[in-house]
Amino acid sequence: MIKAILVFNNHGKPRLIRFYQYFPEDMQQQIIRETFHLVSKRDDNVCNFLEGGSLIGGSDYKLIYRHYATLYFVFCVDSSESELGILDLIQVFVETLDKCFENVCELDLIFHMDKVHYILQEVVMGGMVLETNMNEIVGQVENQSRLEKSEGGLSGAPARAVSAVKNMNLPEIPRNINIGDINIKVPNLSPFV
Amino acid sequence: MPAVSKGDGMRGLAVFISDIRNCKSKEAEIKRINKELANIRSKFKGDKALDGYSKKKYVCKLLFIFLLGHDIDFGHMEAVNLLSSNKYTEKQIGYLFISVLVNSNSELIRLINNGIKNDLASRNPTFMNLALHCIANVGSREMAEAFAGDIPKILVAGDTMDSVKQSAALCLLRLYRTSPDLVPMGEWTSRVVHLLNDQHLGVVTAATSLITTLAQKNPEEFKTSVSLAVSRLSRIVTSASTDLQDYTYYFVPAPWLSVKLLRLLQCYPPPEDAAVRGRLTECLETILNKAQEPPKSKKVQHSNAKNAVLFEAISLIIHHDSEPNLLVRACNQLGQFLQHRETNLRYLALESMCTLASSEFSHEAVKTHIETVIGALKTERDVSVRQRAVDLLYAMCDRSNAQQIVAEMLNYLETADYSIREEIVLKVAILAEKYAVDYTWYVDTILNLIRIAGDYVSEEVWYRVIQIVINREDVQGYAAKTVFEALQAPACHENLVKVGGYILGEFGNLIAGDRRSSPLIQFNLLHSKFHLCSVPTRALLLSTYIKFVNLFPEIKTTIQDVLRSDSQLRNADVELQQRAVEYLRLSCIASTDILATVLEEMPPFPERESSILAKLKKKKGPGMVSEIEETKKERNVEMNGSTEPATNASTVSTPSPSTDLLGIESTAVFNSVPLNSTGGSLLVDVFSENSAPVATLASAAEENFSSSSDLTSPDNNIDDPATAVHVSHDDDDDVDELSDTFVCKNNGVLFENQLLQIGLKSEFRQNLGRMYVFYGNKTSTQFLSFSSNVICQDGLKSQLNIQTKPVDPTVEGGAQVQQILNIECVSDFTEAPVLNIQFRYGGTLQNVSVKLPVTLNKFFQPTEMTSQDFFQRWKQLSNPQQEVQKIFKAKHPMDTEVTKAKIIGFGVALLDGVDPNPSNFVGAGVIHTKTIQVGCLLRLEPNTQAQMYRLTLRTSRDTVSQRLCGLLSEQF
């Protein structure tokens, strides 16, 4: 089972946190710091697994992570999960974000926190892998958007404010998360009818 | 088109976020956040009703503030309003807030549950999904109570949409994990198994997760899943990469599902049905074959997915441990991975090989990779990988390669990362001891350990070396010589001084013949380290000195001078002062005979399991190490049995350092106890000599004696570390055997380890019973997330009803909490229910399972009857199945009164004057259950000459007769 999903940037600032086991708020923050400390000091081409820090349960748990440009995606899992499977799941999650946001960047995670949560919810539920098929996930997210649109009202007005913010001069943040292989898509297959 | 249009959003939120991001300092940020919190709070409290949009905006802001690490203690009510809304967007954000910021306020939970209930009943799949997500994400007991009954229905209903089914399966899984007692098994279980055949692979994946967890606890009920899983797996494995459409991931068909199915199969032994078994073997072979094929893509995702399946297949092969051919192939495959350029694969290969090493078919094959693994230890850049290499070396170690492996580990220790040094030290100590053929090698190894990594050598390790030296005469002289040499080093670790002090104090005489290590030189060498050491070590050295007085009378005056110096006699530390005073007096007054008796060589330690092992298990968590350990032990016995039975005893069974805890710390105890008993006058003498400080000395002495009695008290707990570790194993198979002591009595201590004590008080009347369980926290730290529940397995569920009330999740240090169990016996039963306790102690989850002493005889009502009645009924029960007889040897002294008390305690009436032979015991009673009552007659015939008993039981039901006979016969 997945115990927690933590996304933070190179400076340890949390960008998405999701705990599937109850921890008090201050403990959650300590875990983020501890995890950041463990992960950030590792070189880029070492392995993607390490034993969990003491706060999150020690060596019974593994941290499985990927580092994309400015962001670390860390999944804390117990022994019932396949390490490589989770590693691929992180990739699926990020590729899905990339599809949904079109060239996702750290700012998208900040300004669309709710959306990111909704997308994550389609992938992982209560600490268990819900869906691994990217098209299915994207389909669900599109459904949500349609529903939102149909309810209308909320969406139209403040669009400009957001784009203004995004165009502000924020040099310290690279705009795109570089996920390398993302442009290679699974070949399009004719769907079953 | 992107699925999320970036334009959508809330202006206020965006502005707030950019404000925060533009804050120049932490203070400015906090100020801005506090301002916003005040604003939101006033908006929520204000008179004006907020529209959905505003609420949504504020809730989003709160989520953002929470992400930044600030406590959010309000807004839950608004979130509940949102999730009860009919608008999707509002509902969605309401649920999100609740699942991220869980709150245990029960009033709130009631409202949330209400909202969930409506959504589950709405038949709108989107709403149902949101509700199911919320239950799964929160997963609290309250929610389990409210919904555990409904979710199985949603899951198996024919008209449920696929996406809802997926969510329902995982939701149920989550509830089962948190509150297994609340999820009722029922006819839905068979239908869940058939979800493995579902069209939709997402549904199959979710269902497989669910079934895997359920099958771990109820293997019988889900047995049919094996053949379904095999056929599903076979269809995936043999499919072309295009068959599964979207579930093909980088040319690998449905990797996640394959992994899950292989995991499910690991819950069961190899399939019995030959056809299924053959098909599975075929699958596994295909997976192994595919690993050798050229990759279909150069992408790392492709090889990741392929290897995820491969590693899981290897796990299954290792789990089955039955096909030598597959095992060897698996081992070769892992061997290839050991040299792979992907670090991840090397890591996983080392990890898998660890489990493979414990299989007898492949142990030898694993050993062939020893050079590669040692190479990994030396060259890997990543500490995670090196750690796995250490684990594997430990697992593959046996008598043939122990010297090499220990040497390599010692080598590595010099440069190892600080985080794993202690673990390596423990492992080296264990291997060195277990595979020592030559104990001089063992002593050298441990002294090397102390030299290289003294700070990481825990007490257990050096206690242990002393125990072994004391228990093995052949190594004592060597040990004395070696420590003497080691102590010559200008800077040596304090642990070495301790070991050296202790060993020279016991066996210094063995090397005193050599001029280079004459008594005086030994003493001067030790004393040169004295002032650099901490108080406990100095105390130990003082004991060494007094032992020297006995061993080497020629240096007595030198030692007395040292003891007499002010820095000893007037030492500020009470313990040191007292030792100096007592030892000095002892050396002055006692005759050589008394000295020789008091300061006799330490007797050998009783042999016990190594507690270094216990410590390692504790460090690594119970699962893995112990498994390897057990198989190792078995192998060890085999080897020893055939080749060298002589060393068997010393390697397999090993004295426990916990006794040493006494031994070392308590050279003082040892010495002060005889002081106290043999010469009460000695103490008086001490006082009269120095008349001035009498008062202080006396109080100091008193204090010390009380503290030394404290020292002895751990005696009672000597066995604890080992048992504690054993019991905290996760699986139920490891539950200790039902304690026999509770069969004839109702109160007492059921379980105890270093952390927790469980006491019981119970009363039974007819078919009902009530049990008071007391959980005592023996530590000074809180237990968090404390939960305890009673699990009735399989058939027992229908035979015994047990109701519990949850206990408070926090147990303060030193406090005791009580839990009441109400028990109803529905029909006769054999198994005992299991009490499962979980709690968090200092960050680690503790799990304790003990069998509850609820036995059939508790529901006895005694029946008085005359001799005539008794024999009449005895004859009526003459059917052969109704009688059970057992002849057994007495395990306890055959005392009539004790036996009587036990029979009465068992629950029957003891009938006097029924049996013509007065030394026999006869009893009668009726077992009350809800459905039936079973009369029972018993007769116990002791034979004191043969030290045997014959027990005869007659009841109207054969199962009852057998069970009662089994229970009662264990008592005598």
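Predicted model: local features only at pLDDT ≥ 70, side-chain atom pairs only at ≥ 80, totals over all residues.
I got 24 residue pairs in polar contact between chain B and chain A, both partners at pLDDT 80 or more. I then sorted the residues on the side of chain B that touches chain A by class: 40 are nonpolar, 30 polar and 22 charged.

**Salt bridges.** Next I checked for salt bridges across the interface of chain B and chain A, and the rule finds 6. I picked one to look at: the side chains of B:R388 and A:E51 meet there, with 2.7 Å from N to O.

**How much touches?** I wanted to know how many residues of each chain are in contact. For chain B it is 92 residues, and they are in contact with 97 residues of chain A. I noted that the size of an interface is often given as the accessible area lost when the parts come together.

**Chain A by itself.** I turned to the build of chain A and counted 6 helices and 7 strands. Going from the N terminus, I wrote the order down as β-β-α-β-β-β-α-α-α-β-β-α-α. Chain A has 193 residues, and 64% of them are buried. I put its accessible surface at about 7400 Å², with 50% belonging to carbon and sulfur atoms.

**Contacts along the chain.** Last, I took the contacts in chain A between residues at least 6 apart in sequence, and 53% of these join residues at least 24 apart.

Conventions
Residues numbered from 1 in each chain as written. Chains lettered and ligands numbered in written order. Heavy atoms only, no water. Helix = DSSP H or I, 4+ residues; strand = E, 2+ residues; numbered from the N terminus. Buried < 20%, exposed > 50% of the residue type's maximum accessible area, 1.4 Å probe, protein only. Contact = heavy atoms within 4.5 Å. Areas by Shrake-Rupley, 256 points an atom, 1.4 Å probe, with all protein chains shown as cover. Salt bridge = Lys/Arg side-chain N within 4 Å of Asp/Glu carboxyl O. Polar contact = N/O pair within 3.5 Å; in protein donor to acceptor, adjacent residues only side chain to side chain. Nonpolar A, V, L, I, M, F, W, Y, C, P; charged D, E, K, R; others polar.
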